[in-house]
Structures are given as structure tokens and as C-alpha cells.
Amino acid sequence: MRFSQWLQNNWFIVHVNGSVPTASSLEIIHYVGFFLLVGATAIMDLRVMGVAAKRQSATQLAQQVFPWMWTGLVLALISGFLMYASDATEYLHNSVFHQKIYLCILGVIFAVIVRRNVGKWDQQGTIPMVGKFTAFVSLALWIATILWGVNVPALTGVG
Amino acid sequence: MHHFVIAFARWVQSTRLGVGILESTWAFPYVQLTHFTGLSLFVGTNLALDLRLMGIGKRSQTAAQLADSLFAWNWVGFAIGITGGFMLFSTAALTYVANPSFDIKLSMLIPAGLVLHIINQQKARTWGQTPETPGIAKLAGFIELLLWLSVVTAAVLIPYFAAEP
């Protein structure tokens, strides 16, 4: 609780969220970050599920797009943290927000699982069912993260 | 033209779609979800291709190959995004058409972005044949990236330009 209060009163946090240009920039970075993150992961997952970019191997495509997942994630995390910090005491008790963060963590875990295993799955000719299912879960987790993200202001009025 | 826009907005806002979303206790987040999921596919893949055209990113494939792989889902994303966008618009069409930020977003930035995007997608086939893209490709990718960033900016600024009722 005290850390939340400290965060909320921190000079930098107050000022970056307090002026329109910087506060808007945080939002913009957050959107662009998650577009990149979810878009890249979605392409990889859709390919593993066998419904996208079939002219390329899943491994090659994953190699190409996966770095953008990390780039997007870093952008979303930094901007997200700075926005969260301005209302830290509110978010402390906000279960919808907590659930969003858990979904985000699970999303990263599943994206990494897909990336780590795509080479092995590719070698089997067609991607096995367990691979397609894992990719589907990965995609579903990110869509759920977005939903929980918009649910925070919609259901709890915060942010 | 202005009269037509207002009349159209008034009509859209009165449809069952617009009223229904606004009156429902749960629909609005799902409409936002549709818009953002579609945009993640569309803008996300646009950014990936633009950055690749600019020479940033892994070179295991050519930009032409990347453009080819992303093509179908890029436009599926656009369709989903525009569907969600129209549904959002329908909930408060009159306030949106009176909003300068929304106006610039929809009438200038998005058309410009789309035109350049289509050009880049087509030209990626020739520009992206080699691992290193030509200078013009780098410039085109960079401008498209700026355009999509400006679309997001205009969208984020919409609330700040809402007219007082």
C-alpha cells in the first residue's frame, strides 16, 4: 500500500501523466506496443494452426515475427507501468486489472512455448494437434488480455 | 456534403446497432475488443512490414516474402478493425463527426495510410527481392509507419476535442 502511494505521488509519475502530450504519448505507445505484440504473435500462432502464410515454414515465419513480440511487449510494459503508477492505489484493489496482468503473463508464456517448439513440430511434416492447440491457446490468451484491458475502464471505471 | 454527413451520422446513431450497443451493459467492451483485435492484426503487420522495408529486423527472409506471408491476415485484420470501428462510431456518430480529431483521422490520415500501404504491399515484391531494400523502400516504409502512428495519435486525442454539449 505504501509503495503504491509512493508511486502515485512520485514527481515523474505525476508529471508524465499530468500533461496532455506526455499522457497521450503513453497511451499511443501502449496501443502501438500491443498492436505489434499481438499482431506478431497472432501471425505466428495462425501459421502454426495452419491457416496463414502456408508458403513459408512455420519455423521461418516464427523466426521473422517473434522479435516483434518482444519489442511490442517492452513498449506495452513500460507505457503500461507508467500509466498504472499514476493510479497505483486504485489498481491495487482492482481485480479486473489483476486478471489482465495474469492473462498477459500467461500470454507471454504460451507465445514462448510455441516459439520454442515450432522447430520440432515443423519437422513432423504437418504440425501435430498439440501444436495447433497450443498456438490457439496462445492467440486466445492475447485476445482475452485485450478484452480484460478494455474491461478495466468499462467495468471498474478506472483508467 | 456537410449536411449529408450530419444526416448520415444522425441516422447511424439511431439504428438498432448504435442504440443497442450503448444501452447494453456488456456490449461496448466487446465492440472495443473487435476494433483492437482487428487493428492488432492490421496495424501490427503493417508495422512489421514497414520496419522490414526500412531495413530493421531479421533478414532470414526477404521483405517480399514477408509481405507475401502477411498479406491475407493483414486485410482480414483491416476488415475486423473497420467493423469494430463502425460499431463504435454508431454509438455516438453525431459527436464523432463534430470532432476535429476524428475527422482528420478518418478523412485524411486513414485514406493516406491505406493508399501508401497498398503501394508498399505491391512494391514490396520488387523492392524486397534482395535482403537489403533500396532507399526508396526505406523512405516509403518510414512514411507509412508515421502515418499509422498519426492515426493512433488522432484516435487517442479524440476525447480531448469533444465539443461541449
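Is Tyr96(B) buried or exposed, going by its C-beta neighbours inside 10 Å? Tyr96(B) counts as buried, because it has 21 C-beta neighbours inside 10 Å. The cut-offs behind that word are 20 or more other C-beta atoms within 10 Å for buried, 12 or fewer for exposed, and partly exposed in between, with C-beta atoms placed from the backbone.

Before going on, a word on the model. This is a predicted model, where local features need pLDDT of at least 70, side-chain atom pairs count only at pLDDT 80 or more, and totals for chains, interfaces and linings use all residues. Residues are numbered from 1 along each chain as its sequence is written, while chains are lettered from A and ligands numbered from 1 in the order in which they are written.

Back to Tyr96(B), which sits in helix H5 (residues 93-97) of chain B. Helices here are DSSP runs (H or I, at least four residues), strands are E runs of at least two, and both are numbered from the N terminus. Setting aside neighbours within four places in sequence, Tyr96(B) is in contact with Phe89(B) and Phe102(B); contact means that the C-beta atoms, placed from the backbone, lie within 7 Å.

Chain B as a whole has seven helices and zero strands. Its C-alpha atoms fill a box of roughly 55 × 30 × 25 Å along the principal axes. Of its 165 residues, 41% are buried.

Now for helix H6 (residues 100-127) of chain B. There is a kink of about 35° at Leu109(B), shortly before the proline Pro111(B). The bend is the angle between axes fitted to the seven residues ending at a residue and the seven starting there. Buried residues of H6(B) include Lys105(B), His117(B) and Trp127(B), and the buried set packs against helix H3 (27-53), helix H4 (63-91) and helix H7 (135-157) of chain B.

H4(B) also meets helix H2 (residues 16-23) of chain B, at an angle of about 80° and with the axes 7 Å apart. That makes H2(B) roughly perpendicular to H4(B), a label for angles of 65 to 115 degrees. From H2(B) come Leu17(B), Gly18(B), Ile21(B) and Leu22(B), which meet Met87(B), Ser90(B) and Thr91(B) in H4(B).

The two chains touch through 32 residues from chain A and 31 residues from chain B. On the chain A side, H3(A) gives the most, with 15 residues.

Here are the two contacts by class; Ala, Val, Leu, Ile, Met, Phe, Trp, Tyr, Cys and Pro count as nonpolar, Asp, Glu, Lys and Arg as charged, and the others, Gly among them, as polar.

| Contact | Nonpolar | Polar | Charged |
|---|---|---|---|
| Side of chain A that touches chain B | 23 residues | seven residues | two residues |
| H2(B) with H4(B) | four residues | three residues | no residues |

Not counting residues up to four places away in sequence, Ala40(A) touches several residues, among them Val65(A), Trp68(A), Gly44(B) and Ala48(B).

Technical notes. Axes are lines fitted to C-alpha atoms, for helices over the stretch in contact, and angles run from 0 to 180 degrees between N-to-C directions. Angles under 35 degrees count as roughly parallel, over 145 as roughly antiparallel, 65 to 115 as roughly perpendicular and the rest as oblique.
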